[in-house]
Amino acid sequence: MALAGTGMFAEILDGEVYRYYADGEWRSSASGKSVTIVNPTTRKTQYRVQACTQEEVNKVMDAAKVAQKAWARTPLWKRAELLHKAAAILKEHKAPIAECLVKEIAKPAKDAVSEVVRSGDLVSYTAEEGVRILGEGKLLVSDSFPGNERNKYCLSSKIPLGVVLAIPPFNYPVNLAVSKIGPALIAGNALVLKPPTQGAVAALHMVHCFHLAGFPKGLISCVTGKGSEIGDFLTMHPGVNCISFTGGDTGIAISKKAGMVPLQMELGGKDACIVLEDADLDLVAGNIVKGGFSYSGQRCTAVKVVLIMESIADAVVQKVNAKLAKLKVGPPEDDSDITPVVTESSANFIEGLVMDAKEKGATFCQEYRREDNLIWPLLLDHVRPDMRIAWEEPFGPVLPVIRINSVEEGIHHCNASNFGLQGCIFTRDINKAILISDAMETGTVQINSAPARGPDHFPFQGLKDSGIGSQGITNSINMMTKVKSTVINLPSPSYTMG
């Protein structure tokens, strides 16, 4: 049964095309054009969204500026109250939003539901955390610095930046949107959301939950459209005071073009999994399958390369292959483990990496099998550094195994990557784990578990080409604020109770 765009969500749909959200209402673009969203499973058009114009973006920015001024004067507890309300509405209406995720990005049904629930929890936690962090300031006194008496008091507090532009990726279009929206709003900013094309309809449904919670008009807006028309126009817009972006290489281009605004960027990853001889091999195999193949490997934090000591490689490869044989491959509606990748061009890119590995002699543990966008899970053994798959991010259910003869070799391969998002180490020796973790040039290292973003309040950051800034609820709130100081100059030094 189709739930998207019906019932309480009916007003976001105009005939065949989903509306965009501006100034507290759902609108159709003056362009009269739409962008089609192709279902990765059926490869047919599933939805259409508005192709907004640059003029419409300008209006959204103007409205955001006005709304933000009033929002910054709204008591903190009131901002939190609205966020809690939005979170409750989001969780209550998880079914239609999850349905969009299944049809737009082929996310398995159960994962789609849990993404929406997790997003509601994130919004509530952000409201709580924001009330604590933003409710506290700092008092500094001048006599701590040499040569000064205590004749100045400095009061510092956190103030909003203004308008935050949030650009989430296709793979978590709801969760990675609210991880930006929540912190921006609690901190007193206005928010402009540019959702990815695949995932736009799920994002519009999510925005409607914020609309129903009763946020002020113009404070939140959601514009859809072609990147070529409004992409650069948005990221270079003088009205934007902060950009929070999650995605691929586009982020590097954005960071070069954006003005003097704080940037939060989480880009690609080539997360290495280093397996030592003393590791629990069943634990390793389970995490390689979960880390490398859940959501068909379309996660920034997926295990993307396994660096394994030669002496245990055969045993682990055997265990992984046994688990891969049991994975259910098929449509997301059936809760398959492996579902079609997001677009045909993604599937073609993945295939290119596989063919390169084949030409250069990698061992195929399974037969390479593809039907349209659906690629069966594939483990490539005996991968060498001269193969593209050793370095490039497939964003699909294909995982390379590189056999190593020393821990140093594993660390070297991990650090030679231009990415540095996360990595993981499997060993029973905690001292070794800490030493290796310190040596790995990645934003996070997981010990005895596959990489993952979360829980959502943990810091999450990438080094090198994996991004700038750090996410996680506290970090995002701090990043979306500025410090404001007020200095009180006293007529004479003030020493109390001396």
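Biologist: Hi! How far is the sulfur of Cys242 from the closest cysteine sulfur?
Modeller: This is a predicted model, and in it that distance is 17 Å, to the sulfur of Cys222, which is too far for a bond. Cys242 is also buried, with a relative accessible area of 0%.

Biologist: And what about Cys273, how far is its sulfur from the closest cysteine sulfur?
Modeller: The gap there is 3.6 Å, to Cys424. A disulfide needs the sulfur atoms within 2.5 Å, so the Cys273 sulfur is too far for a bond. Cys273 is buried, at 1% relative accessible area.

Biologist: How many disulfides turn up in the whole structure?
Modeller: The search finds 0.

Biologist: Switching to sheets: what is the strand order in the open sheet of 7 strands?
Modeller: The order is β16-β19-β20-β15-β14-β22-β23, and the pairing is mixed. At the edges sit β16 (363-364) and β23 (444-447), each pairing on one side only.

Biologist: How do β19 and β20 run, parallel or antiparallel?
Modeller: Strands β19 (residues 378-381) and β20 (residues 398-404) run parallel, joined by 3 bridges. Leu379 stands opposite Leu399 in β20.

Biologist: Now helix α9. What do its buried residues pack against?
Modeller: They pack against several elements, including β14 (271-275), β15 (303-309) and α10 (310-324). Among the buried residues of α9 are Leu281, Val284, Ile288 and Phe293.

Biologist: Which residue caps the N-terminal end of α9?
Modeller: Asp280 does, with a side-chain oxygen 3.1 Å from the backbone nitrogen of Asp282. Just after α9, Tyr295 has a positive phi of about 50 degrees.

Technical notes. Residues numbered from 1 in each chain as written. Predicted model: local features only at pLDDT ≥ 70, side-chain atom pairs only at ≥ 80, totals over all residues. Heavy atoms only, no water. Pairing = 2+ DSSP bridges. Helix = DSSP H or I, 4+ residues; strand = E, 2+ residues; numbered from the N terminus. Buried < 20%, exposed > 50% of the residue type's maximum accessible area, 1.4 Å probe, protein only. Contact = heavy atoms within 4.5 Å. Polar contact = N/O pair within 3.5 Å; in protein donor to acceptor, adjacent residues only side chain to side chain.
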